[in-house]
Amino acid sequence: MAKSIKYGVLGGLLLTLTACVSPNMNKNTPVLWQSPKPVFADGMTTAERIRAIAHREHQAWHGSFIDAKGGIRRYQISEAERFLLTDGAPAWQRVMAYWRDSGGMAELSERQNCLVGGLDVNKCRVFVMDSAWSAVFVSYVMTQAGVADFIGSPRHFDYIKHAWQHGTPYAYTNPKSTAPKVGDMLCYVRGKNGVAGFDGLSEYLHTQSHWLTAHCDIVVDVNADDVWLIGGNVMNTVMLRKLPLGDDGLMTLPVTKGDCHHNNENACNLNRQNWAVLLKLQVP
């Protein structure tokens with residue numbers, strides 16, 4: 001689902017959502033949920049820290065997941081609901097905190113500004129529903145995990161392009177020939193834009209400058225038979241996705257084939273995407 005937002009880097013003073021706390025608020029005005037300070041065991045690698053934060057967030061969202069055949073097996077809560085996550089945070093407030101704490105601060109247009117008059121619940125929930133937050137979720141996880149040199153962004157394409165240009169902290173690799181490891185990111189290109197798979201995306205990066213809509217999930221576990229990935233704003237929640245793993249250690253990546261329809265159930269596989277790149281974590 002395409003959602004649009006005006007992005008821009010604020011020079012000098014960064015506008016953050018902590019401004020939701022107004023000096024004029026009364027005791028009945030809600031205060032935006034605060035991210036817990038990460039606590040990691042000594043010696044944890046960057047990949048282990050990424051996995052810990054991603055799992056923490058997935059568990060908070062009641063553990064929704066897509067199985068290896070592309071079907072939803074658990075779906076509990078969506079982005080703008082008033083229902084609470086497992087740690088007591090309202091779902092919509094958690095998403096607002098992802099924006100605030102993601103490290104890549106975005107300029108908010110007045111239409112999307114939830115800062116007027118303290119924390120305006122209705123305006124903030126509309127912002128959550130209207131603004132894509134999957135890249136913000138990734139940026140939040142990387143910020144919480146302390147990934148060196150990761151540049152947070154509200155667009156997946158920005159760190160895909162950064163990996164293609166610079167190779168750090170992520171390298172740009174072909175998901176059909178590169179085995180996944182914890183901390184990597186698997187990404188697909190959205191929409192009918194003629195950019196197909198790794199070769200199509202690589203050609204686009206060589207010849208075009210305009211950004212593409214995309215989505216990335218974070219690899220959190222690599223098992224004997226499958227790989228587990230966690231992404232934000234998947235079906236409007238934080239979702240774990242399972243993908244089959246072959247004997248060669250490579251992922252089996254279903255591709256888009258026909259339209260999902262009650263007369264074409266084989267196409268109704270949520271893992272059938274235009275998988276294009278595996279971003280390989282390069283930092284220890």
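**Close-up views of a predicted model**

From the N terminus on, the elements of the protein follow the order α-β-β-α-α-α-α-β-β-α-β-β-β-β. That makes six helices and eight strands. Please keep in mind that this is a predicted model. Of its 284 residues, 51% count as buried.

**View 1. Tyr98 and Trp133 form a tilted ring pair.** Let us start with the aromatic rings: a search of the whole structure finds nine aromatic pairs. How far apart are the ring centres of Tyr98 and Trp133? The centres are 5.8 Å apart, and the planes meet at 35 degrees, so the pair is tilted. Planes under 30 degrees apart would count as stacked, and those over 60 as edge-to-face. Tyr98 has a relative accessibility of 0% and so counts as buried. Trp133 is buried too, with a relative accessible area of 0%.

**View 2. Tyr98 also pairs with Tyr140.** Stay with Tyr98 and look at another partner, Tyr140. Here the rings are 4.7 Å apart from centre to centre, with 50 degrees between the planes, and the pair is again tilted. Which helices does this pair connect? Tyr98 lies in helix 2 and Tyr140 in helix 4, 42 residues apart, and the pair links these distant parts of the chain. Both Tyr98 and Tyr140 are buried. Now widen the view: ring pairs link Trp61, Tyr98, Trp133, Phe137 and Tyr140 into a cluster.

**View 3. Arg49 lies over the face of Phe40.**

**View 4. Four residues make up a nonpolar patch on the surface.** Look for Ile72, Tyr75, Met235 and Leu270. Together they have about 300 Å² of accessible area. One member, Tyr75, is found in the loop between strand 2 (72-74) and helix 2. Is Tyr75 buried, exposed or partly exposed? Its relative accessible area is 34%, so Tyr75 is partly exposed.

**View 5. A disulfide joins Cys187 to Cys216.** The model has two disulfides, and this view shows one of them, with an S to S distance of 2.1 Å. Cys187 lies in strand 4 (residues 185-189) and Cys216 in strand 5 (residues 214-222), so the link ties together parts that are 29 residues apart in sequence. The angle about the S-S bond is 105 degrees, and the link is right-handed. Are these cysteines buried or exposed? Cys187 and Cys216 are both buried.

**View 6. Cys260 and Cys268 form a disulfide.** Their sulfur atoms are 2.0 Å apart. With 100 degrees about the S-S bond, the link of Cys260 and Cys268 is right-handed. Cys260 is exposed, with a relative accessible area of 53%. Cys268 is partly exposed, at 33% relative accessible area. How do the bonded cysteines pair when they are numbered in sequence order? The pairing is 1-2, 3-4.

Terms used:
Residues are numbered from 1 along each chain as its sequence is written. This is a predicted model: local features need pLDDT of at least 70, side-chain atom pairs count only at pLDDT 80 or more; totals for chains, interfaces and linings use all residues. Side-chain values use heavy atoms; hydrogens and water are left out. Rings of Phe, Tyr and Trp (its six-membered ring) pair if their centres lie within 6.5 Å; planes under 30 degrees apart count as stacked, over 60 as edge-to-face and the rest as tilted. Buried means under 20% relative accessible area, exposed over 50%, partly exposed in between (1.4 Å probe, protein chains only). Helices (H or I, at least four residues) and strands (E, at least two) are DSSP runs, numbered from the N terminus. A charge sits over a ring if NZ of Lys or CZ of Arg is within 6 Å of the ring centre and within 35 degrees of the ring normal. Patches are made of residues with over 30% relative accessible area and no salt bridge: like charges are joined within 9 Å, nonpolar side chains (Val, Leu, Ile, Met, Phe, Trp, Tyr) within 5 Å. Accessible areas come from the Shrake-Rupley method with a 1.4 Å probe; for residues, only the protein chains shown count as cover. A salt bridge is a side-chain nitrogen of Lys or Arg within 4 Å of a carboxyl oxygen of Asp or Glu. A disulfide is a pair of cysteine sulfur atoms within 2.5 Å.
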